[in-house]
Amino acid sequence: ESMVHALKETWRVSRAHLLDIRPRLGEPQVIVRDRYGRDTICGGLHWNGDDPEGHPRAEAALSQVIAEGLFTIVAEKQFDWIDAYESVDELVEAINEEWESRSLGEEAALKLMRAMEAAGRGAVPFIRQPIGIRLLKKNV
């Protein structure tokens, strides 16, 4: 498989450690924050296909090279990645243009519009997505 081959090639060219950074499985959430810092969750972005951007295959590939003894996970952290937008239009445009494998459903879009209206002036729409970082140690 190409992901396993890529990780083996990474093992070959890396010196001692490797930082593995990738989105974690989990639905990215569309949220509106009002000027007082209160958040309204409007819904999630939905995958447009069977394979959410290769996450299951990437995790399987990493598990395989770890099982083969090429790498050891030294440390692991998860945090939220935030993409903030100036307006609802900008957020929707970004989803359509940049998030090729995801879409914003009609229900979430309606909630987003209502939440922006209720939040009033100074409201910010954003997308929150779980991101994981693993520090891998090269085994020799």
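This is a predicted model: local features need pLDDT of at least 70, side-chain atom pairs count only at pLDDT 80 or more; totals for chains, interfaces and linings use all residues.

A word on confidence. The mean pLDDT of the protein chain is 89, and 94% of the residues score at least 70. Confidence is highest in β2, at 96, and lowest in helix α2, residues 55-67, at a mean of 86.

Back to Gln129. Is Gln129 buried or exposed? Its relative accessibility is 5%, and buried means under 20%, so Gln129 counts as buried. Setting aside neighbours within four places in sequence, Gln129 is in contact with Pro23, Pro28, Phe79, Asp80, Trp81, Trp99 and Arg102.

Next, the strands that pair with β6. Strand β4, residues 71-84, runs antiparallel to β6 and is joined to it by 13 bridges. In that pairing, Ala75 stands opposite Leu135 of β6. β1 is also antiparallel to β6, with 7 bridges between them. Here Asp20 is opposite Arg134, and Pro23 has Ile131 as its bridge partner in β6. β2 pairs with β6 as well, again in the antiparallel sense, over 5 bridges. Gln29 stands opposite Arg128 of β6.

β1 itself, residues 17-23, has two faces. Leu18, Asp20 and Arg22 are on the covered face, while His17, Leu19, Ile21 and Pro23 are on the uncovered one. So Asp20, which stands opposite Arg134 of β6, belongs to the covered face, because that face is made up of Leu18, Asp20 and Arg22.

Helix α4 has 14 residues, 106-119, and at 1.5 Å a residue it should span 20 Å; its end C-alpha atoms are 20 Å apart, which agrees. Which residues of α4 are buried? They are Ala108, Leu112, Ala115, Met116 and Ala119.

On the face of α4 turned away from the buried side are the exposed residues Glu106, Glu107, Arg114, Glu117 and Ala118. What do the buried residues of α4 pack against? The list is β2 (29-33), β3 (39-47), α3 (88-98), β5 (102-104) and β6 (124-138).

Take Ala119, which lies in α4. At 17% relative accessibility, Ala119 counts as buried, because the cut-off is under 20%. Not counting residues up to four places away in sequence, Ala119 touches Val32 and Asp34. Ala119 and Ile73 are 46 residues apart in sequence, and their C-alpha atoms are 43 Å apart in space. After α4 comes Gly120, which has a positive phi, near 75°.

Helix α3 can be read in a similar way. Its buried residues are Val88, Leu91, Ala94 and Ile95. They cover an arc of only 130° around the axis, which puts them on the same side of α3. The face of α3 turned away from the buried side carries the exposed residues Asp89, Asn96 and Glu97. The buried residues of α3 pack against β2, β3, β5, α4 and β6.

How many residues are in the largest nonpolar core? There are 18, and those with the most contacts inside it are Val30, Val32, Leu45, Leu91, Leu104, Leu112 and Ile127. The elements giving two or more residues to this core are β2, β3, α3 and α4. α4 supplies the largest share, 5 residues.

Leaving aside neighbours within four places in sequence, Leu112 is in contact with Val30, Val32, Cys42, Val88, Leu91, Leu104 and Pro125. There is also a second, separate core of 9 residues, and among them are Val4, Leu7, Leu70 and Phe71.

That is the end of my part.

Technical notes
Residues are numbered from 1 along each chain as its sequence is written. Side-chain values use heavy atoms; hydrogens and water are left out. Helices (H or I, at least four residues) and strands (E, at least two) are DSSP runs, numbered from the N terminus. The expected span of a helix is 1.5 Å times one less than its number of residues. Buried means under 20% relative accessible area, exposed over 50%, partly exposed in between (1.4 Å probe, protein chains only). Contact means heavy atoms within 4.5 Å. Two strands pair if DSSP finds at least two bridges between them. A nonpolar core is a set of buried Ala, Val, Leu, Ile, Met, Phe, Trp, Tyr and Cys residues joined through side-chain atoms within 4.5 Å. The arc is that of the directions from the helix axis to the C-beta atoms. pLDDT is the predictor's confidence in each residue, from 0 to 100.
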